[in-house]
Amino acid sequence: MSGLREPSFFERYNLCRVRNGYYLNFNITVKYSESQLTPTILSNALKSLIRKHPILSCNYFQTNDHNGDEDDYKNYVLRGIDLNYDDLVDENESGDISGDYFEKLNLIFFQINVNKPLWKLILNGSYLTIVCSHIFFDGNSGCFFHEDLANEINNLDSDITFLPVISLANDITSVPPAVGIVSQLYSLPVWFTVKTLASHFFPLLAKLINSVTTTTTANNNTTNTAKLPLFKTNNPIAVNEHTNITTLSFNKEQTQSILKHVKARGLTFTPWLIAHIFASFSKLHPNVALNVSIPLNGRRYYPDLDRYQVCVAASEIALDPPFENTDNNNNNNNKNNNNSSHEADESFKTARIISSRLQNDLETRIPFYQVAMLKMVSVSNWLKSKIGKHERVFLEVSNVGMLKGKQGCWFSQDNGFSSQLQFNVVSGDDGMNITIGYLDGLKNDMGEFLQSMNAEFEKIIVS
């Protein structure tokens with residue numbers, strides 16, 4: 001069967017996750033004027049958007065009778081599909097934004113090898129949610145979609161009519177090449193490949209290679225220092241585990257108070273939030289190490305990469321307690337200190353360690369090299385080998401940043417095989433919203449944990 005192109009190694013990885021139900025979807029929600037969300041306006045805006053980004057009217061199809069696992073998803077090609085308005089747009093009549101709403105979204109499953117899209121829109125009162133498969137969407141793609149859709153809506157002619165057909169398969173004649181073809185984002189340096197393979201097969205040789213290829217400073221920043229056992233629940237990785245979701249919402253003034261508090265201490269929000277989560281959770285489980293996965297945006301290196309492809313990696317950090325994330329003596333006397341005094345302030349040591357290691361990973365790009373090692377393995381066997389093991393990180397914090405000019409922004413996703421707890425953060429002109437996804441193994445801890453977390457937020461907001 002002919003196709004537009006073969007899947008990249010990262011697309012094969014996500015094809016495996018989608019086909020086997022290892023990860024269901026993620027979604028980005030934005031509030032619009034309801035007058036912008038009529039079928040006539042949406043159908044015309046979507047047609048114009050897809051004409052500019054034809055990969056949105058594609059799915060992946062098998063080229064033989066083998067299932068994807070047998071051929072490690074190399075037997076798939078990308079191909080255009082007919083796309084109707086009714087294939088793309090559903091309606092949620094409640095107009096409610098809550099944990100229950102996001103849990104329902106999380107049940108949406110996208111099939112491959114069918115003439116159906118790998119994304120859909122949910123109309124929810126004045127809110128519009130794009131629900132995406134992760135195959136050719138990452139979190140930033142979901143944000144780009146709302147930006148692109150708003151531009152198309154604003155540029156529509158006044159004399160338009162409803163379009164039941166959005167695009168036809170025969171009209172999709174090309175799609176952008178894979179990210180790895182047009183950039184070095186997922187290149188594999190020889191030294192990294194040798195060191196990684198050696199660490200697996202010849203640990204002593206890997207130690208020698210590491211001593212020659214890594215400076216002391218970089219090694220201190222990238223090597224996890226946790227000596228205690230990592231926290232884990234009694235629930236190993238299984239397929240189709242339910243993600244429970246609750247929400248936190250801060251209005252514009254509250255968000256400004258939190259960010260001012262963080263900035264005054266010489267920190268950025270994501271490392272501070274992770275340290276705050278660690279400190280709160282450690283009150284319940286004081287004698288274990290905690291680890292976190294922080295998604296990194298590859299477009300920071302290649303800003304012109306296609307908007308609708310996956311361009312991510314993750315920085316993983318593990319630390320032992322104690323987790324310090326409060327002012328010395330619980331006062332705010334150090335708010336006006338300069339950067340050198342920030343470095344000396346042990347009160348925020350956890351956030352500073354996280355920030356340092358995160359910065360080192362961004363500079364060295366090692367997390368992207370680690371993702372590129374997927375080229376060297378069977379993605380199917382590798383993912384399948386995780387089932388029944390305790391290989392999830394404790395926490396994932398994914399912050400897609402600020403959607404300028406937008407309000408009512410939310411970001412949510414399936415936990416999948418990745419983490420036991422996740423905080424998904426997005427900001428708009430009206431404030432910051434966070435969805436908190438957690439697996440059943442954490443249910444008994446969540447009440448006390450969230451109470452501790454919220455108490456610290458409240459102190460910051462009212463101070």
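## K120 and the β6-β7 pair

K120 sits opposite V131 of β7. Six bridges tie strand β6 (residues 119-124) to strand β7 (residues 127-132), and the two run antiparallel. Two strands count as paired if DSSP finds at least two bridges between them; strands (E, at least two residues) and helices (H or I, at least four) are DSSP runs numbered from the N terminus.

This is a predicted model, where local features need pLDDT of at least 70, side-chain atom pairs count only at pLDDT 80 or more, and totals for chains, interfaces and linings use all residues. Residues are numbered from 1 along each chain as its sequence is written, and side-chain values use heavy atoms, leaving out hydrogens and water.

## The sheet and its helices

What is the strand order in the open sheet of five strands? It goes β5-β6-β7-β1-β13, with mixed pairing. β5 (89-91) and β13 (407-413) are the edge strands, each pairing on one side only. From one strand to the next, the twist averages 20°.

Helix α2 (residues 39-52) lies across β5, β6 and β7, at about 155° to β6. Helix α5 (residues 139-154) also packs on the sheet, touching β1 (26-31), β6 and β7, with its direction about 30° from that of β1. Contact here means heavy atoms within 4.5 Å; axes are lines fitted to C-alpha atoms, for helices over the stretch in contact, with angles from 0 to 180 degrees between N-to-C directions.

## L197 in helix α7

L197 belongs to helix α7 (residues 190-201). Its relative accessible area is 34%, so L197 is partly exposed (between buried, under 20%, and exposed, over 50%, using a 1.4 Å probe and protein chains only).
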